[in-house]
Amino acid sequence: ALERLPALDRYWDFFGPWFARAQDYGWLITEALQPRLDLELDFCLKAARAMFVQEHYYPWESKRWRDLSYADFRREVSGMRGAADLLAQCAEHQPAVVIPLLLNEWLPDRTSLHGGSGGLANIGVTAEIYVSMFGQQFPDIVFPALTELMETRPELGTRVEHILQNLAPAVPAQAARYAAGWTERFPEMVLTVIAKLPTEFAPAAISLAKEVILLHRKNANLVESIIAAAARYRSREALDLVQDAKGCHELVNGLIIAISDLHHAFPEECETLARELCWRPKLSDATLGYACFFYAAASARSPEIAVQFFRHAAALERPEVAQSVSSALIKLVRSGYPGFRALVEERLRIEKDYSPLLNYVIALEQYRTLRVEDLEWLKRWIGLPTFRAAHDVLELLLASEVPLAKARNIVFLLEKESASVERAKRSPRLRKLAEKVVQDGRFTSLREYSQRVWRMVAEGEDP
């Protein structure tokens, strides 16, 4: 019937509901509509939309189409046949008509695909994928259409950003050229382009960054984001942006992020800048977290300055900062630099918060086992109201050379989670520890369940 009818639009009320249920016949519908693409484009697009809702959501999560070339995309959807192939053929035949329609009508549509909840794969996400792919083939159609959409539908900004994240690395020359026209009205979109252009487009990216900074210097959040994004090009001009802005305290987060990227190319200059930026008084927890990231990266070249900063930051006794310091040290102790290990030992003796202590324990495990002198801070850690690591402590004791008579005392401190012995790796040392626990005069103070578990371990049974 589709092939024989002279005009199709008037029959949509008949065909539309059938298309929406014909997932097994999508290939047949596509074959029948192929000869009508030029004259019946609206009907073909409505058919593709109706059938697409029946497509299984999994292949249409956007992450599955990232970094794909246009040729690979066409090959993939041709193999799918049905709705995917029909929509691609529509866009290929009349891109100047189909691409604006996808942006204006499909992009806002959150109707979920078959089997999905709508968040990761819906009609709007499908439009993102197709526009991103056809933008590689028809950039001079897609970019003006995106510009118009930004002007008329600002609520779709996030979806436009997703498309630009795909297009900037795929067609960088065109992305940079069109972004130059957005610096005044759509600087956030320029930021997206700067963050995604290939590194060989550094001159164009830095030029865009300078223009946005010049036009929007009062927008601190935007300016620091621009400087941080420009730093990924690791050029002298990007470093100059940081140097020029270092006196602006409100930009400090972006500047520290920037020198973290630039350090590999300009280590001495970045370490000097870090001394000016990261040691300022009254920095926020987030800023000090970025500073920890910088010094962790810089430690490969200058471990001594990293130790100095981490000791300074930890001494502030701010829980979030302590978390940043301790997290960094988990990896850094592997370097073998004695200063990092000394700092871990120092912080274990005085740290007051549960999470940083846990990180320091993880760091400690990487280069030595527990010693008798560690039992004092171990008791302090167990006594914290937030303590939730009984099993980890038990494993540490079993892997150590701490005398079992002293290890036994720790077990009684772990009473609130003493059943963790069930998960402990079976070993002769565990059984000997269980024997000492059972023989201890305090054994009856344990809960009945705990007593039963420890007694079974002591007798060689698996609880």
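In the predicted model, W381 is in contact with Y354, L357, L358, V361, F387, A389 and V393, leaving aside its neighbours within four places in sequence. W381 is also, with Y130, W182 and F310, among the residues with the most contacts inside the largest nonpolar core, which has 170 residues. Helix α3 (residues 41-52) gives the largest share of this core, nine residues.

Nine of the twelve residues of α3 are buried, so the helix is largely enclosed by the rest of the structure. The buried residues of α3 are L41, F43, C44, L45, A47, A48, A50, M51 and F52. At 1.5 Å a residue, α3 should span 16 Å, and its end C-alpha atoms are 16 Å apart, which agrees.

R334 lies in the loop between α19 (319-332) and α20 (338-350). Its relative accessible area is 57%, and R334 is therefore exposed, the cut-off being over 50%. The C-alpha atoms of R334 and W279 are separated by 26 Å, with the two residues 55 apart along the chain.

The largest pocket holds about 410 Å³ of space. It is lined by 18 residues, of which S62, R66, H162, Q165 and N166 are the closest to its centre. Helix α7 supplies the largest share of this lining, six residues. By class, the lining of the largest pocket comprises seven nonpolar, seven polar and four charged residues.

The second largest pocket has a volume of about 310 Å³. Among its 16 lining residues, I213, V223, I227, D244 and A245 are the closest to the centre. The largest share of this lining, five residues, comes from α14. Nine residues of the lining of the second largest pocket are nonpolar, seven are charged and none is polar.

How values were computed:
Residues numbered from 1 in each chain as written. Predicted model: local features only at pLDDT ≥ 70, side-chain atom pairs only at ≥ 80, totals over all residues. Heavy atoms only, no water. Core = buried A, V, L, I, M, F, W, Y, C linked by side-chain atoms within 4.5 Å. Buried < 20%, exposed > 50% of the residue type's maximum accessible area, 1.4 Å probe, protein only. Helix = DSSP H or I, 4+ residues; strand = E, 2+ residues; numbered from the N terminus. Contact = heavy atoms within 4.5 Å. Expected span 1.5 Å × (residues − 1). 1 Å grid on protein atoms, 1.4 Å probe; cavity = no way out; pocket = protein on both sides within 12 Å on 5 of 7 lines; lining within 4 Å. Points joined across faces, edges and corners; volume = space filled by probe spheres on them. Nonpolar A, V, L, I, M, F, W, Y, C, P; charged D, E, K, R; others polar.
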